[in-house]
Amino acid sequence: MTSVILFLTIISQLGLLQGAVDYPDYKDHKCTRTCEDGGEIMTCIYNFTLEYYYTLSKACYDCPRNITDCKRPHCITADGVPRSVVVVNRMLPGPGIHVCENDMIVVNVKNQLETNEGTTIHWHGIYQKGSQWMDGVPMLTQCPIPTHSTFQYRFKAANAGTHFWHAHAGVQRADGIFGHLVVRQPPSREVHFSLYDKDLVEHAVMVNDWLNQLTIDRFAEHHHSDGDNKPRLMIINGKAAFKNFTYDDEPGQIYRTSQEIFYVEPNKRYRFRVVSNGILNCPLQVSVDDHPMIVIASDGKPFDPIVVDSFNIFAGERYDFILETNKTIGNYWFRVRGLADCGADQKRGQALAIVRYTGSLEEAPAGATDYDSSARGGRLLNPWNEAGTESKIPVSELTAMVPDDDSLKEKPDKKFYLAFDFNPIDNFHFHHPDLYPMLSIVKEKHLYSPQINGISNMLPHAPPLTQFDDIPEDMFCNTDTIQKNCREEFCQCVHRLQVDLNDTVEIIMLDEGVTFNANHPTHLHGHSFRVVAIGKLNTTTSLEEVKALDEGGFIKRKLSKAVSKDSVTVPDGGYTVIRFYADNPGVWFFHCHIEFHVEIGMGLIIQVGSKDQMPRKPKGFPTCGNFEYSGLEEEKEEDTLECPESSSISLGNERYTLCGILTFVVLFFFDGYD
């Protein structure tokens, strides 16, 4: 017993003994600083613990009756509805990462999901050039992180701008695994620096639709029965005052959880950074009462400033705007209004935050808070499923402030047409062709498959970026290689497009729009792209129609100063044309960012370069794949480490070898512990 106590004392003094789990919020992280010319490049370390948790937990004490209790550490209020969540460090959103350009970001992800789920984290907007295996897409760039284990992400913050991080496994990001990731620049490199006075961490804004239950439950009900997929509201930075609370000893008194408040001083110019972690088919209209917005960047890339009354933000997009606080001192609504499946014909979802001037009373703004009152007229950037006009400006009309590059040359090296739509096909995952085919059940339970070119993407059994030879070639397919009619028979494979390193690639995306009036916000990993054309043709279109228009010269491309982004929507019954320069070798996901769409196949991979041009994976990088029992390995004698007696020390009545202690230390740290 004495030996055990002494041993624990030794490792405790060496800093190896872990006590209670720590859940840092990193609000005072050393890397959250003003970025300066010639400033120090820092290594920024974060520890993320992922776990199932609960809103309004015991950590909230008497919230919302005592509103200050709602601000306690580990108290997640969301919209005030009790439900399970999946979060990082017991926060919603999770810890924000705010660094300077070229800092090294190190995130130790500990998977503590009690349900034995694997997970990964994607750093949305970071191109990972030179660190491709850190992109965080399970079964494409890495194996899922098993439960009770850790994985260290390490990459350079090489491209500045407003980004975010989120889980990329299953539907975990819909339940809370997401957070801000902002890479700032020194003044000499920030082209809009002279337009604003303050760029505050607390003015990073995360908006998304929110469900009242775990998303996997809604997913299963929607896909296997007739459950709806229509969110009822949004949250802003994890908050919404939605549910009413009453107490027996205060009849008639109503309490609500708090809303987000953005504090500003009069007569200043503030940079706001808005991120959409949108989950379902809910474009979001953003506006601030009585304040026009000067929009200056999207997806981390600057463009000529444009003054608008509101803008739409689609899942995966980011927009930076400047707010001039030159109005009467008071409180103003910051509004996020849902469209499409969150719109006027559905559950009329919205969320409200408050812009509060210094010197104003701590009270709600005077404006009406109903859904219809959140509609905005005037100039709108990024319209949803509408043709561009003088007052409705598609992003293809923006003028980039990044130099033209090879992606804008006259003729691309590779060109692909991708037709998006929901197809009435007996997808055997949801319509068994013999037992319950689509035509034999009631219409309310029909599941239309979201596909690209009639193909449902599937993930391979091992990540091709790091285990290329473990995947048989016949698992891959595209429209040129598939051997059946996908309009009559369900097609599923690892949907792959191949391009050569340093190709200029053009992709013409179209939403045929036959089944639903939806949209498909699409995100490319590993690269930015130029949006060279967007067109709304009709309520529906077809691959044949768009090809004919293109071949006839009727799709005009903007090949100079086209805006640079990594996420963009495809209008229903229309097209979006993008260009990118394929200078980042790897296997990159290209997918619809609506969670239910990508999870059942609306995506593909773009292989840039040959196998020999893929980056070498780090030493000891985890592997995974199929297993088939083939007997026992021949037993091998384990190597042992000899520790000479001369290296030992005496502690109390016991004697320990120094190399034994050091061996324990090395094994402890290299075994995935913080």
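Predicted model: local features only at pLDDT ≥ 70, side-chain atom pairs only at ≥ 80, totals over all residues.
We can begin with an open sheet built from 4 strands, which follow one another in the order β3-β8-β7-β5 and pair in a mixed way. Two of these strands, β3 (97-100) and β5 (121-124), stand at the edges with a single partner strand each, so one side of each is left without a neighbour in the sheet. As the eye moves across the sheet, the twist averages 20° from one strand to the next.

Side chains of opposite charge can pair when their charged atoms come close. A search of the whole structure finds 38 salt bridges, and a few of them can be followed one by one.

In one of them, the side chains of Asp 299 and Lys 565 meet with a distance of 3.1 Å from N to O. Is Asp 299 buried or exposed? Because its relative accessibility is 1%, Asp 299 counts as buried, and Lys 565, at 0% relative accessibility, counts as buried too.

Another salt bridge joins Lys 414 to Asp 500, with the closest N and O atoms 3.4 Å apart. This pair also links distant parts of the chain, for Lys 414 sits in strand β24 (residues 414-423) and Asp 500 in the loop between β28 (492-499) and β29 (503-511), 86 residues apart. Here Lys 414 has a relative accessibility of 24% and therefore counts as partly exposed, and Asp 500, with a value of 47%, likewise counts as partly exposed.

A further salt bridge is formed by Lys 484 and Glu 489, whose closest N and O atoms are 3.7 Å apart. Lys 484 counts as partly exposed at 35% relative accessibility, and Glu 489 is placed in that class as well, at 42%. Beyond such pairs, salt bridges that share partners join Arg 184, Glu 190, Asp 199, Arg 271, Arg 273 and Asp 320 into one network.

Notes. Residues numbered from 1 in each chain as written. Heavy atoms only, no water. Pairing = 2+ DSSP bridges. Helix = DSSP H or I, 4+ residues; strand = E, 2+ residues; numbered from the N terminus. Axes fitted to C-alpha atoms, helices over the stretch in contact; angles between N-to-C directions. Salt bridge = Lys/Arg side-chain N within 4 Å of Asp/Glu carboxyl O. Buried < 20%, exposed > 50% of the residue type's maximum accessible area, 1.4 Å probe, protein only.
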